[in-house]
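Me: I would like to learn how to read features off a model. Please take them one at a time.

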Amino acid sequence: MIQKIVLYKSSLTGIIQLIIATLLTLFAIRVFVSYLGYERYGVFSIITIIGNLNIFTNLGLNTALIRFISEQGNNKESGYDILVAISILICILTPFTIVLYLLSSVILINFFNIPTHLYSESVELYNFMLIANYLVLIGQLFTSVIDALQKIYITNLLQILYNFLYWGGIFLTILLGFSLPSIGFSITIASLLWFIISVLTFKKLWGKIVYSGLINNFFRILKKQLSYSIKIYISSVINFFYEPLTKIIISKLFGVKEVGYFDIALKIRTQLWSLIGKALYPLLPLIASLKDEKQIGFIVNDIEQKLFYVVLPIISIMLICTYSFVNIWLGSEVFIITISIIIVVCSYIIGSSTVIPNYYYLMTRQVNKTIILQFSNAVVNIIFIFGLYSYIGYYSILIGFSSAIFTSFILSLYYQNKFLKGFIFKNFKQLFKYIFILILVTGIGYIPNLISDNDILKIIIAPAIIILSTILFYRIFKIFTYEDIERYFEKNERIKLILKKILLS
């Protein structure tokens, strides 16, 4: 019961953190685009790729720490793990950051395709981002330890603070009349404050690290960490050739303004997808600590099936309300941004968020398979983009992105069936029932669009209709059972009673 309370507490704070982050992000983007334009936003978006470049130095140490400390607990061996991970990262990250600084003009002009008239601003933003990402990467080692101690709700609170500092700083900087260099400075200050607080929090929770004997054990610990983390590292490096490389390709083929369109879609995707990811993240240390494959298989299969039903109304709402939302939110370039958001978000919610539990399993038990998943994403994405861009232009980016997700989704299901002997839906009847409900709910939810031209009314009324009709059809088709509610809320009688009244006929 204590374990479940910790999971729920971590999930709840993760959801709260994402809600706050979403509101801050949406507001800041609106201000950014309104005051500085899509071109500067595109420049900002592509320079933030610097954070992705730094994955070449991380070596998967964050995930390695979570795995080993989850298994070992707070002891001398874990202390060695922490110190070795910090030492490795600093030794690799420092010269790498210096090289990126020295190659700034080459990267900005030849790779990012920064417009000439924005070059001087971009250089200053770029340099500040190097410093900020240096601090964030090292700080993530400390928050990984906190996660491994199953204190994820604390890292969620730290992330809430960081989001306020990050987006709040951008917002204030723009309103005060400053541009890209000052935005970079505000991000660096936000990263520094977050880093200091994260280190102090780690010190309070962990206590004193015992380092006596580290020298004699350094290479043993190094070998242990790298034997696991190098596979996570390879997976992360390959992932660079998916989203970050896509932004670079967009800049080279079309321009930085189109990078901004795509990045806005990614930002919306990140917030919605992370809402599910944050709720499920406590499963990572849990799965890492479990030994029974049968128990893991049941958890993964059951949660994934529930996830499909959770995201069903979200998909319907995205299809119906996105245009009205973008029109109110940004008011310009509405069609192309709407199409970008719908394709990017819906494909990601269906193809990636629903198989997060299985991905966590693969990370902790079959990590080499995550390399194949990331590789398939990168290859399929590039094939579709270069095969279609001369025919359909920018939209080839969206086709490539969604096709890559579908490919990795199929592979993930294959691995799930192979290793955990399970599939999301028990039979085709259950899958058909899901598709049938999605079509019904979307059709009913579209009715407000037929009777009103008011965008505000559409985005208020349509989601309400979709959610209520979804619940109704779940009751009619008996989607959830008494056992489902008992399993997840066994000791909380009030929640059980409410859910039974809502979901069970």
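Reply: Start with contact: heavy atoms within 4.5 Å. Leaving aside neighbours within four places in sequence, D302 is in contact with D484, R487 and Y488. This is a predicted model, where local features need pLDDT of at least 70, side-chain atom pairs count only at pLDDT 80 or more, and totals for chains, interfaces and linings use all residues. Residues are numbered from 1 along each chain as its sequence is written, and side-chain values use heavy atoms, with hydrogens and water left out.

Me: Where does D302 lie, and is D302 buried or exposed?

Reply: Helices are DSSP runs of H or I with at least four residues, strands are runs of E with at least two, and both are numbered from the N terminus. D302 lies in helix 14. Buried means under 20% relative accessible area, exposed means over 50%, and partly exposed is in between (1.4 Å probe, protein chains only). D302 counts as buried because its relative accessibility is 10%.

Me: How do I read I328?

Reply: I328 is also placed in helix 14. With a relative accessible area of 37%, I328 is partly exposed. Not counting residues up to four places away in sequence, I328 touches R30, D455, I456 and I459. Its C-alpha atom is separated by 60 Å from that of S212, 116 residues apart along the chain.

Me: And what does A64 touch?

Reply: A64 sits in helix 4 (residues 61-72). Not counting residues up to four places away in sequence, A64 touches Q225, Y228 and S229. The C-alpha atoms of A64 and K224 are separated by 9.3 Å, and the two are 160 residues apart along the chain. A64 is buried, at 1% relative accessibility.

Me: How is the packing of two helices described?

Reply: Axes are lines fitted to C-alpha atoms, for helices over the stretch in contact, and angles run from 0 to 180 degrees between N-to-C directions. Under 35 degrees counts as roughly parallel, over 145 as roughly antiparallel, 65 to 115 as roughly perpendicular, and the rest as oblique. Helix 14 (residues 293-329) and helix 16 (residues 356-365) pack at about 150°, with axes 8 Å apart. That makes helix 14 roughly antiparallel to helix 16.

Me: Which residues of helix 14 and helix 16 meet?

Reply: From helix 14 come E293, I296, V300, I303, E304 and L307; from helix 16 come P357, N358, Y361 and R365. The residues of this contact divide into six nonpolar, one polar and three charged. Here Ala, Val, Leu, Ile, Met, Phe, Trp, Tyr, Cys and Pro count as nonpolar, Asp, Glu, Lys and Arg as charged, and the others, Gly among them, as polar.

Me: What about aromatic pairs?

Reply: A pair of aromatic rings is described by the distance of the centres and the angle of the planes. Rings of Phe, Tyr and Trp (its six-membered ring) pair if their centres lie within 6.5 Å; planes under 30 degrees apart count as stacked, over 60 as edge-to-face and the rest as tilted. The structure holds 35 such pairs. Among them is the stacked pair Y242 and F401, 5.1 Å centre to centre with 10° between the planes. Y242 lies in the loop between helix 10 (214-240) and helix 11 (243-253) and F401 in helix 18 (residues 395-420), so the pair ties together parts 159 residues apart in sequence. Both Y242 and F401 are buried.

Me: How many disulfides are found?

Reply: A disulfide is a pair of cysteine sulfur atoms within 2.5 Å. A search of the whole structure finds zero. The sulfur of C321 is 11 Å from the closest cysteine sulfur, in C346, which is too far for a bond.
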